[in-house]
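Please look through the structure below together with the briefing that follows it. The points are grouped by topic, so that each can be checked against the model in turn.

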Amino acid sequence: MARDPDPDPAAGSGAAPERSSGPFRRVRDQLRARLGVRTTTALAAALTVGVVLLVAGAILVLGLNWLLRMQLVNTADQQATQLGDRVAANFADTEDVKRNAIQATGKRSDLVEVVTDYNNDPDRPPDVQNIGSSDPLPEYPLMTTVRAEPDEVEVVHSTWITLDDGKHEEVLVVVKGYEFPPTGQPYWVLAAQPLDFLHRAVDTVLAMVLVGIPVLVVLVGGFTYFFAGRALRPVEAMRTRVAGMTDRDLGTRVPVPPARDEVGRLAETMNQMLGRLESAQTAQRRFVADASHELRSPLATIASGLELLAGSVAESDASTVQTLRGEAGRLDRLVDGLLLLARSDERGLQPRREDVDLDEIVEAERGRPSDVGGVAPEVRAEPVRVSGDRAQLVRAVRNLVDNARRHAGSRVLVTLRAEGGDAVVDVADDGPGVPPADRGRVFERFVRLDEARARSDGGAGLGLAIVREIVAVHHGGVEVLDSPLGGALFRLRLPLADAASGPTDTVETAGPADSGPSNSGPVNPGPPDSEPSDSELRDDRPTGPLPVLAPPPREQETAPLARNGNTRPSPVPRRPAPRDDRLSPEQETAPVPRPSPVPHAVRDDERRPASVPIRLGDARSPADVNPTAPIPVVWPPAR
């Protein structure tokens, strides 16, 4: 039986319906997106603390006000009770309540009054009179018109009274009712407490709350921001490490903090993820490298077979063979590019460092035949030298030129110039150009724009990727700009070769004609009378043919001395031997120091050079660099 279609796909998906986003939620999301976790945490902590402190401050102010008022009420109630009991005790021993009130309130410094109503007839208006008051109060005015029944208490929390000296003061009044025992006449006692102290205390606490709460909020926000940054420092370290990683740095791991908390577990999880990515990338690169390597031999066989077959097939099949040869060449270039990129991904291109005349490479593109066809490039080059691998630089320039020839309409212009400390190669064409949105994407692998997807273009999308890899290992850069010809302009920058790292010229000196054979080689360009320093290295090894030294006119030869400190050799009798002008093998291979050139004329103000010519037969000559072996005696030919 067929199932009924779900009328509401969202309802049948099992997902919770999305809540409608209100204005508060939108504002919260915008703030969170703009401020970040650290600032949001600090603001949330400051807001929370601010609200809590405001509530606590309000409770403190209101509670203090209530507590102080209760204390004033209790104090006033005690005063009223004391005064009422004193009047009711009838100390005057009379039935006149007024006399007792006057005696009870006389000479008191607090604010108390005794009030009674002389009219007991309810049908007539009351006759309320002040029958006794303390000294600070006037004699007749009442502090309040509130009355209280016997044994009842009424509280007036705030009223203004006028003192005897004319001052006005805000007071709290407690009214307590009594009956005079002898006559049963009702009266009530008023006791007042000034509110000035209460207001000052409440105002002081309120000012402290209003000033202290913002300060505490700022401190809490600042400390929260600081400690949140400290807590997020491992996360920032991980972010920095990951931000600097490329597809070649997957072997790098993020630092794991010592604390085994959520951040530590996050770092461990990221390292595990990087390990899995590294393994997958290694397997992929190995596959590409192995596949490309294994394809080279079959491609070489196919290319050879097609080349042999081209001369033996019929004329009708010659075009087919030629097409297959072109496709085989295209596939061979593709495999070669894949191998180069695979090596670059695995261990880098590792270029050789040598001085390269970049203008020669650019000039070679003027008449170079290319498989892509197109127009021949125009070349304008200045003499520029860079340091790098010549073969790789040739390939980079050639790929840019081939790319321009592939897309050019009628003109390709290649220019080379020195700009600052860089060598700049511009390859411009008048083709369709590269849109700004695709200028960073064209250097990716196997990326071809829509205009270049035809098979007739012949590109596989690896040429520009190879250019970027080669330029990167040479510490340069490549970018795409608008061409003045109307198409695309590929600009390649490479650092110029350091003049100080170039080859140093050696100065060869030759002695005078009358000083015998010359000793050529690198010499110190300093003054001839300067002593060589310890840091200088001098090569005293002979580099040319050995000179023929004439023996002294004497009938005895000299023998080498043992190393006993003597300066002259001991003569030995000469043994008659047949004369032989040839050198023995030992004499041919024995190292013999060469004599240093001696100037033919030395002035008195010049110092004699440090080197001294070798004296024939003296094995301890100062210029002898091999004192462990005797100097061979070479006899001149007979005259």
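**A buried asparagine and its surroundings**

At 12% relative accessibility, Asn403 counts as buried, because buried means under 20% relative accessible area. The model described here is predicted, and Asn403 is found within helix 9, which covers residues 390-407. Leaving aside residues up to four places away in sequence, Asn403 is in contact with Leu464 and Phe490.

**The chain as a whole**

- The protein chain contains eleven helices and 14 strands, and buried residues account for 30% of its 639 residues.
- The accessible surface of the protein chain amounts to about 40900 Å², and 55% of this surface belongs to carbon and sulfur atoms.
- When contacts between residues at least 6 apart in sequence are considered, 62% of them join residues that are at least 24 apart.

**The nonpolar cores**

- The largest nonpolar core consists of 41 residues, and those with the most contacts inside it are Leu358, Val386, Val414, Phe490 and Leu492.
- Several elements each supply at least two residues of this core, among them helix 7 (315-347), helix 8 (358-363), strand 9 (412-419), strand 10 (422-429) and strand 12 (488-495).
- Helix 9 provides the largest share of this core, namely seven residues.

**Aromatic pairs**

- A search of the whole structure finds four aromatic pairs, and one of them joins Phe226 and Phe227 in an edge-to-face arrangement, with 5.2 Å centre to centre and 75° between the planes.
- Phe226 has a relative accessible area of 41% and is therefore partly exposed.
- Phe443 and Phe490 form another edge-to-face pair, with 6.1 Å centre to centre and 80° between the planes.
- Because Phe443 lies in the loop between strand 10 and helix 10 while Phe490 lies in strand 12, this pair ties together parts that are 47 residues apart in sequence.
- Both Phe443 and Phe490 are buried.
- Ring pairs also link Phe223, Phe226 and Phe227 into a cluster.

**A nonpolar patch on the surface**

- Leu206, Leu210, Val211, Val215, Leu216, Leu219, Phe223, Phe226 and Phe227 together form a nonpolar patch on the surface, with about 850 Å² of accessible area between them.
- Leu206, a member of this patch, is located in helix 4, which runs over residues 196-231.
- Leu206 counts as partly exposed, because its relative accessibility is 34%.

**Two loop residues with a positive phi**

- Asp151 has a positive phi of about 65° although it is not a glycine, and Asp151 is placed in the loop between strand 2 (128-133) and strand 3 (153-162).
- With a relative accessibility of 71%, Asp151 counts as exposed.
- His475, which is not a glycine either, has a positive phi of about 60°, and His475 sits in the loop that lies between helix 10 (463-473) and strand 11 (477-482).
- The relative accessibility of His475 is 64%, so His475 counts as exposed.

Key
Residues numbered from 1 in each chain as written. Predicted model: local features only at pLDDT ≥ 70, side-chain atom pairs only at ≥ 80, totals over all residues. Heavy atoms only, no water. Helix = DSSP H or I, 4+ residues; strand = E, 2+ residues; numbered from the N terminus. Buried < 20%, exposed > 50% of the residue type's maximum accessible area, 1.4 Å probe, protein only. Contact = heavy atoms within 4.5 Å. Patch = residues over 30% accessible without salt bridge, like charges linked within 9 Å, V, L, I, M, F, W, Y side chains within 5 Å. Areas by Shrake-Rupley, 256 points an atom, 1.4 Å probe, with all protein chains shown as cover. Salt bridge = Lys/Arg side-chain N within 4 Å of Asp/Glu carboxyl O. Core = buried A, V, L, I, M, F, W, Y, C linked by side-chain atoms within 4.5 Å. Phe/Tyr/Trp six-rings, centres within 6.5 Å; stacked < 30°, edge-to-face > 60°.
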